[in-house]
Amino acid sequence: MRVHEEAVVDRRLHELSTRLHGPGRLKTDLLTEARHALEDAVEAYRDGGLPPTEAQRRAVAEFGSDAQLVPGFQAELAAGALRGLALRTLVVAVVLLATGDLTWQGSSWSGGPPPPAAYLLLSAALNVIWGVVAALALAALLAGPLVARWGTARLAHPARLIGFGLTGSLLLGAAAGGALFGWSLGLWDAALTWPPMIIGMVVVSAAWFALARAARCWVLADRRLAG
């Protein structure tokens, strides 16, 4: 394919790219598939005897307008973003539920008087929140591929509700976890210098950063799909 033909294809793909938002790798894969389809169509028209300009025009016209292409592509990107968020969330939830208590075992204050009843209630509530988060993440993993494959409104609406529920539960978990951590430091001054606590704080901070990025990606992809 000649340079000026590639420019026509590049321009069409750039126009399409500006209308899409979602995971970078998945978006690149979708646009690469679209490029191959356009290039094959141009070559087929040229082999059929059409001049280059007409071959390009036909290929781009039959490729489809933004109104025809964007909804399907964006639905797949939104499903991919939800799947990425769900996978990261599930890993973090399992790790926190399984290892959360390890940061306290063997500490100098673990054998002292029990914390206030409200503290214990908040700690138990946090475990429940993460259990709900894990369940929603599993639901999102099941719903995402179905939406990406069929993309019907009947499937897309429940997937959006699951995504919003998962994002909201993560926000609630972050607030409850932050409150519990701050309360712990207020009850036990030595907590801030306890090595397992420090390690846990660093790991959790990194996990929340990854979750925040994944949640933002899904929210923007879903907003572009709804718009």
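Valine 202 sits in helix α7, which spans residues 195–226. This is a predicted model, so please keep that in mind throughout. Is valine 202 buried or exposed? Its relative accessible area is 53%, and the cut-off for exposed is over 50%, so valine 202 counts as exposed. Valine 202 also belongs to a nonpolar surface patch, together with Leu192, Ile198 and Met201. The accessible area of those four residues together is about 320 Å².

Next, helix α2. This helix covers residues 24–47, and threonine 28 is found in it. Threonine 28 has a relative accessible area of 47% and is therefore classed as partly exposed. Serine 17 is eleven residues away from threonine 28 along the chain, and 9.0 Å separates their C-alpha atoms.

Now the packing of α2 against other helices. Take helix α4, residues 66–99. The α2 and α4 axes come within 10 Å, and they cross at roughly 150°. How are the two helices oriented, then, roughly parallel or roughly antiparallel? Angles over 145 degrees count as roughly antiparallel, and α2 and α4 therefore fall into that class. The crossing of α2 past α4 is right-handed.

Helix α3, residues 52–63, also packs with α2. Here the angle is about 135°, and the axes are 8 Å apart. That angle makes α2 oblique to α3. The crossing of α2 past α3 is right-handed.

On to the charged side chains. In general, side chains of opposite charge can pair when their charged atoms come close. With side-chain nitrogens of Lys or Arg within 4 Å of a carboxyl oxygen of Asp or Glu taken as the rule, how many salt bridges are there? The count comes to eight.

Staying with α3, look at glutamate 54. One of its partners is arginine 57, with 2.5 Å between the closest N and O atoms. Glutamate 54 and arginine 57 are three residues apart in α3, so about one helical turn separates them. Arginine 57 is partly exposed, at a relative accessible area of 47%. Glutamate 54 also forms a salt bridge with arginine 58, where the closest N and O atoms are 3.0 Å apart. This pair, too, lies within α3, with a spacing of four residues, about one turn of the helix. Arginine 58 has a relative accessible area of 32%, which means partly exposed.

A further salt bridge joins arginine 160 and aspartate 222, with the closest N and O atoms 2.8 Å apart. Which parts of the chain does this pair link? Distant ones: arginine 160 is in helix α6, residues 153–187, while aspartate 222 is in α7, and the two are 62 residues apart. Arginine 160, at 30% relative accessibility, counts as partly exposed. Aspartate 222 has a relative accessible area of 4%, and since buried means under 20%, aspartate 222 is buried.

To recap the helix pairs, α2 is roughly antiparallel to α4 and oblique to α3. On the charge side, glutamate 54 pairs with arginine 57 and with arginine 58, and arginine 160 pairs with aspartate 222. I will stop there and take questions.

Definitions and conventions. Residues are numbered from 1 along each chain as its sequence is written. This is a predicted model: local features need pLDDT of at least 70, side-chain atom pairs count only at pLDDT 80 or more; totals for chains, interfaces and linings use all residues. Side-chain values use heavy atoms; hydrogens and water are left out. Patches are made of residues with over 30% relative accessible area and no salt bridge: like charges are joined within 9 Å, nonpolar side chains (Val, Leu, Ile, Met, Phe, Trp, Tyr) within 5 Å. Accessible areas come from the Shrake-Rupley method with a 1.4 Å probe; for residues, only the protein chains shown count as cover. Buried means under 20% relative accessible area, exposed over 50%, partly exposed in between (1.4 Å probe, protein chains only). Axes are lines fitted to C-alpha atoms, for helices over the stretch in contact, and angles run from 0 to 180 degrees between N-to-C directions. Angles under 35 degrees count as roughly parallel, over 145 as roughly antiparallel, 65 to 115 as roughly perpendicular and the rest as oblique. A crossing is left-handed if the near helix is turned anticlockwise from the far one by less than a right angle, and right-handed if clockwise.
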